[in-house]
4 protein chains.
Amino acid sequence: MSRRLRYGMVGGGPGAFIGEVHRHAAALDGDMQLVAGAFSADEARSAHQGELLGLDPERTYATFQDMAAHEAALPPEQRIDFVSIVTPNHLHYEVARLFLEAGFHVVCDKPLCTTVEEAEALCRLVENRDAVFALTHNYTGYPMVKQARALVRQGKLGELRKVVVDYSQGWLATRLEGAGHKQAEWRTDPARAGVGGALGDIGTHAENLVSYVTGLELEGLCADLSTFVDERALDDDANVLLRFRGGARGVLSVSQIAVGVENDLSLRVHGSEGSLHWRQESPDTLRIRHADRPAEVYRRGNPYLAPVASGATRLPPGHPEGFIEAFANIYRNAAGAMAARGAGTVPAPRDLDFPTVQDGARGVFFVHRAVESARAGGWVEAGYTPPGG
Amino acid sequence: MSRRLRYGMVGGGPGAFIGEVHRHAAALDGDMQLVAGAFSADEARSAHQGELLGLDPERTYATFQDMAAHEAALPPEQRIDFVSIVTPNHLHYEVARLFLEAGFHVVCDKPLCTTVEEAEALCRLVENRDAVFALTHNYTGYPMVKQARALVRQGKLGELRKVVVDYSQGWLATRLEGAGHKQAEWRTDPARAGVGGALGDIGTHAENLVSYVTGLELEGLCADLSTFVDERALDDDANVLLRFRGGARGVLSVSQIAVGVENDLSLRVHGSEGSLHWRQESPDTLRIRHADRPAEVYRRGNPYLAPVASGATRLPPGHPEGFIEAFANIYRNAAGAMAARGAGTVPAPRDLDFPTVQDGARGVFFVHRAVESARAGGWVEAGYTPPGG
Amino acid sequence: MSRRLRYGMVGGGPGAFIGEVHRHAAALDGDMQLVAGAFSADEARSAHQGELLGLDPERTYATFQDMAAHEAALPPEQRIDFVSIVTPNHLHYEVARLFLEAGFHVVCDKPLCTTVEEAEALCRLVENRDAVFALTHNYTGYPMVKQARALVRQGKLGELRKVVVDYSQGWLATRLEGAGHKQAEWRTDPARAGVGGALGDIGTHAENLVSYVTGLELEGLCADLSTFVDERALDDDANVLLRFRGGARGVLSVSQIAVGVENDLSLRVHGSEGSLHWRQESPDTLRIRHADRPAEVYRRGNPYLAPVASGATRLPPGHPEGFIEAFANIYRNAAGAMAARGAGTVPAPRDLDFPTVQDGARGVFFVHRAVESARAGGWVEAGYTPPGG
Amino acid sequence: MSRRLRYGMVGGGPGAFIGEVHRHAAALDGDMQLVAGAFSADEARSAHQGELLGLDPERTYATFQDMAAHEAALPPEQRIDFVSIVTPNHLHYEVARLFLEAGFHVVCDKPLCTTVEEAEALCRLVENRDAVFALTHNYTGYPMVKQARALVRQGKLGELRKVVVDYSQGWLATRLEGAGHKQAEWRTDPARAGVGGALGDIGTHAENLVSYVTGLELEGLCADLSTFVDERALDDDANVLLRFRGGARGVLSVSQIAVGVENDLSLRVHGSEGSLHWRQESPDTLRIRHADRPAEVYRRGNPYLAPVASGATRLPPGHPEGFIEAFANIYRNAAGAMAARGAGTVPAPRDLDFPTVQDGARGVFFVHRAVESARAGGWVEAGYTPPGG
């Protein structure tokens, strides 16, 4: 094994859901180690979290600015290789910018940031600094999503015609943000979440999944946004008609008020020769339908899969993998890219297989166009190429 | 048993799919009998079909006009009680009108007809003639669809917020209409199908299912219609954003180019207190999700079901019922209404539980508004009350 | 159409479940007609049932003996072609014998009868009389069961190694027979059901399904029978190890005390090249697993199916068929055999595809050997060839 | 956080499947660290694996005997807290004995060992040394298996009546052991696997799962063992009738020749009041059936679960967990017990929730009785209480 990468975390204090997921994901393969953190804007909470995690107190920082400055000043064999950003959305930009400028690679939670301007600035900065920037659209880390992408690229579905992506959750069906629920609070607060509610939180995942699997580029969209819970400032349900370059059509539907639904992200793609169907809640399975023979059930871990899917799995078939493994694939591949960058070598194909800053910019643009469409009450243009994209 | 009802059929010649379904459905309970028919515009084919069905040759007619006239002239104890119309769409109006005017009840395949004007004329005629008119939106005949409706009415889902209805098929993914496929030919021909392709053929089923289960009334819609198969004149894929009176929102997506998909009609309804999910391909199951306790799987035939669902089933749980039984429920209930009409008695609630001419008018209106929206490229008003509705 | 066959029914009075199923199944295709009946040992109930069914009162008989005698005396163009026997088990033999001797064909509910001696006597009588005798092991009427059999015969599974058949129900989990439940009463009464409880009622279905799909012949078995409900005289749960001629092994497990389980008959067959899985509660689906490529999902109604499966279906794929259609296939095929017998022609292959009197004898033998094994507490021989088998 | 536990591994060299799983599982929570190992009997391979894992070369040992001796000689703040044994079965006993005697805790892969005598010796040794001994029957680490156990203990199923456990795999359907497949080689070799093939490898998992969920104690069994693949020395398929103390009955069926089946362990338990069903390939779901109301679908991560299930999960509902998390729960709980042992405190209930050496002895006894039953061709007694059990 090459040496264990070191990373620091911004955000992810006690009780934060996604920070813990990032830590599990990074720990899974034993090839990277958390050594620093600015876990909370509250200094005591940050210190407490560092202690819980067994960090050197010297490297548990009161602010992310301190962390960037001090880590940059450490000798190369001690300082972090990358920062993992798991704060609420509105801080992503500032933290990412600072660490990129300080010479670090970045793994950042989604959505990338809250405005298109910030997104594009990050695209340029990543390019200028020659940094590795991975955005944790973790659903693309699932092996069977990679298999889906491979089948599309191999032409097994023929010419793509229709995409249906649905991402439903029920956890925001009541006014949780008024009941002291931290996760709900910032996600429904425009100052911290940005202009999109469900749209930003899970709509960007749905958009990214479509883009990753199909390679289709948006051309136009028509969105209907709703806020069903009283006193909520952002959308908690969004339905969007999609038109893609080349003539394919689609429907994207996301909801956080689907009572009793857990985390049901599903994708259907219909081409002239076949159809595919994948559901995140049963991630090891990919269904392929054909015109003239029985449907096939592709399953993770089997020898008949494409290398991109086989390379993304840790267990034999029938030994379920889940959310953390998919998440860990983003970390592992980005770490591979960082190692190649460090060694001056050409990264393996697998090490380029993670969501980029440009993917993030596309997501932010998508959210803004959907909000614009809903405001205007009709179709809007949605074609977009981010800087470097 | 009260006497067996007698019926005649218009359409349903050799090789016609839906005519045979109607005959199976009507035969299932042994309480009605096919005694007359004008099965084809081709006299010889009509006669041949009559012979295959064991009909009296005297009552196999060359034209539906002959049939209406001769049956009306028979003594009451011989003549048909109702006509079953299973022709292509463009003939529904003329046949229905003629038989209504001749004093017969009508069971008609969907969609009701091809223009709103015709639809409204039929509404008025049914009212004037005090006739029973049942439209075979057969999916509402499934017991678990009736259970879904009952749960919504009982308020088990709370206030309705979102509806997602999807009806996907793959059989028209290639240009079947150019290959001598009769079913495909007329369904893709504007002169016989009307202005909607997939929209008219299966979109009306989807619209009707939403209306039946939720009771929600459309207020506005925005449709995106596509024709993916070359040289096809009508839509083969349609995606529609829906707004309902009172604030609920929805998505209706139908396709006949979803390769390998069979007949996948599914409905999800999300309310403030719970969610439901039903799929036509597993019709005996209805899933109910709750905010705070395990999801429940309601199954046809169990004692815990609502009377409207229990009354629509013929077998114990676990002994699968299917398409024909659901279809037969439309026939059986309409027959009950006819019998009550004949006897001058008040029909039982069950005998009023079938899709009406007004439901048909709503479907035709929906298709026309969706086509108008697609043409205009944006949202259109979609509120509508048919005559007598 | 050749003429409609006429049949009479013995048993199936008001409230009897299986009699009504038989009538629905016989009615479905409109090619046979119920014209006579001895529906109950209670003359008034029999007459009432005949009236409900619209029969000529002259042909509603007080006893099945009367019926056999009078029907045999009617002119050929009036009398029944066959009798349908839907009484409790203990009467099957006597009724079948009488009608066979009177020159009629027979459709008989399962199990064939209650003793091996009776079973063998019926085998001989059927042969002597050159009669058609169909036993309604209806589960073999499902198209996808026929497809399973075809795949096995084509060698798609290689050499068969293991069979797992499970038939679970929950309806007898409490002492229903003490609560006035007619179905439960006779099924748990040795005098009317025979020596097997669950074993006779559903174990024979399971045994027959294995035999039909795999063609394997039993060689030995070891059974463990239980009675979980107090005061019940017969087994309500049975688990049986199976050994087949040629080396295949199996497990047969049946239960009527599996609380909340409806009618869950499932079959798995594993061969050297592949595996199959079918579940009665989702009868339109058959799963085939391979060693080296994705599993396949065969679905009823598709063009890729074997003729024996395609010929057993009435609807396109995705339009669910169910229990009644499978049941109707037994009737339809047996009727085809009767018609061929009447016309002196060679029956089509399809018209020979129904469970025979020999299948019934095998079932009765199986039940008796399993009871013997349980009494002896170990393995017993189970090889058997019925007369004419 | 209390300090990170240190562990060493015996076995788990390059290419070994289960060693890697153990390492992932131990790494997941970041609270224990692999610091030593004797990964292979081949010294160079062991050293290479240590290097790949980034271990101090001083602590990569040529033999497990060296490792036990040297680690025991290290100062307490450096030496390992426990050993993880992931060798083929025949070495478990010797390695475990040595490390227990050297004062270490043990985590050992299943089955415990190859003879009942060894198993009982280990039971006594664990007791004498006051050591923590965890056996990785990892399937009991799944949250929904813990929920199943909780529901049984709460009496939600009433009195237990019937258990059906099936564990099917297809990977040994051909003679893989003759094709250089290491995993297959030792698992089919009596000298390394013990007297049971499929029975020892997966049958012990099935037996343990039944025991964990139901608490039922075996009383008698009747086994039928088969070897379908030519030249194989051990069973590759086993079907066992079970009788439990108190009257419950069961069927245990395991196979490694079920072509195309991956790792399909399923458990059904039927009680007088309800039934449960769990499948390892969809581990986040537990189905509960009731006599008189809709079946319920319990899902991991929801607030309505029992504490034992809630405490065993790391992610919100709908974010799939899998095999590694379940495995990690064994490690985490055992580590909790070790920490309590070290601190002289009473362990939390969760820290006692892992399979013990006694569970292991029960498994070994079960395998031997099943082999004895198969040899004898009939029922055998199977009641057993291990030392300390």
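**Exercise 1. Determine what share of the contacts in chain A with a separation of 6 or more joins residues 24 or more positions apart.**

Solution. A contact means heavy atoms within 4.5 Å. Take the contacts in chain A with a separation of 6 or more; residues 24 or more positions apart account for 68% of them.

The model is predicted: local features need pLDDT of at least 70, side-chain atom pairs count only at pLDDT 80 or more, and totals for chains, interfaces and linings use all residues. Residues are numbered from 1 along each chain as its sequence is written, chains are lettered from A and ligands numbered from 1 in the order in which they are written, and side-chain values use heavy atoms, with hydrogens and water left out.

**Exercise 2. Compare the radius of gyration of chain A with that of a compact globule.**

Solution. The radius is taken over C-alpha atoms, and the globule rule is 2.2 Å times the number of residues to the power 0.38. For 389 residues the rule gives a value near 21 Å; chain A has 20 Å, which agrees. The C-alpha trace of chain A spans about 65 × 50 × 40 Å along its principal axes.

**Exercise 3. State how much of chain A is buried.**

Solution. Buried means under 20% relative accessible area, exposed over 50%, and partly exposed in between (1.4 Å probe, protein chains only). By this cut-off, 65% of the 389 residues in chain A are buried.

**Exercise 4. Describe helix H11 of chain C by span, burial and the residue that follows.**

Solution. Helices (H or I, at least four residues) are DSSP runs, numbered from the N terminus. H11(C) covers residues 323-343, 21 residues in total. The expected span is 1.5 Å times one less than the number of residues. From first to last C-alpha H11(C) reaches 30 Å, close to the 30 Å expected. Of its 21 residues, 17 are buried, so H11(C) is largely enclosed by the rest of the structure. After H11(C) comes C:Gly344, with a positive phi near 70°.

**Exercise 5. Do the burial count for helix H6 of chain C and find the glycine that follows.**

Solution. Among the buried residues are C:Met144, C:Lys146, C:Arg149 and C:Leu151. C:Gly155 follows H6(C), and its phi is positive, near 80°.

**Exercise 6. Classify B:Ala121 by accessibility and locate it.**

Solution. B:Ala121 is found in helix H5 (residues 116-129) of chain B. Its relative accessibility is 24%, so B:Ala121 counts as partly exposed. B:Asp235 is 114 residues apart from B:Ala121 along the chain, and their C-alpha atoms are separated by 26 Å.

Technical notes: Helices (H or I, at least four residues) and strands (E, at least two) are DSSP runs, numbered from the N terminus.
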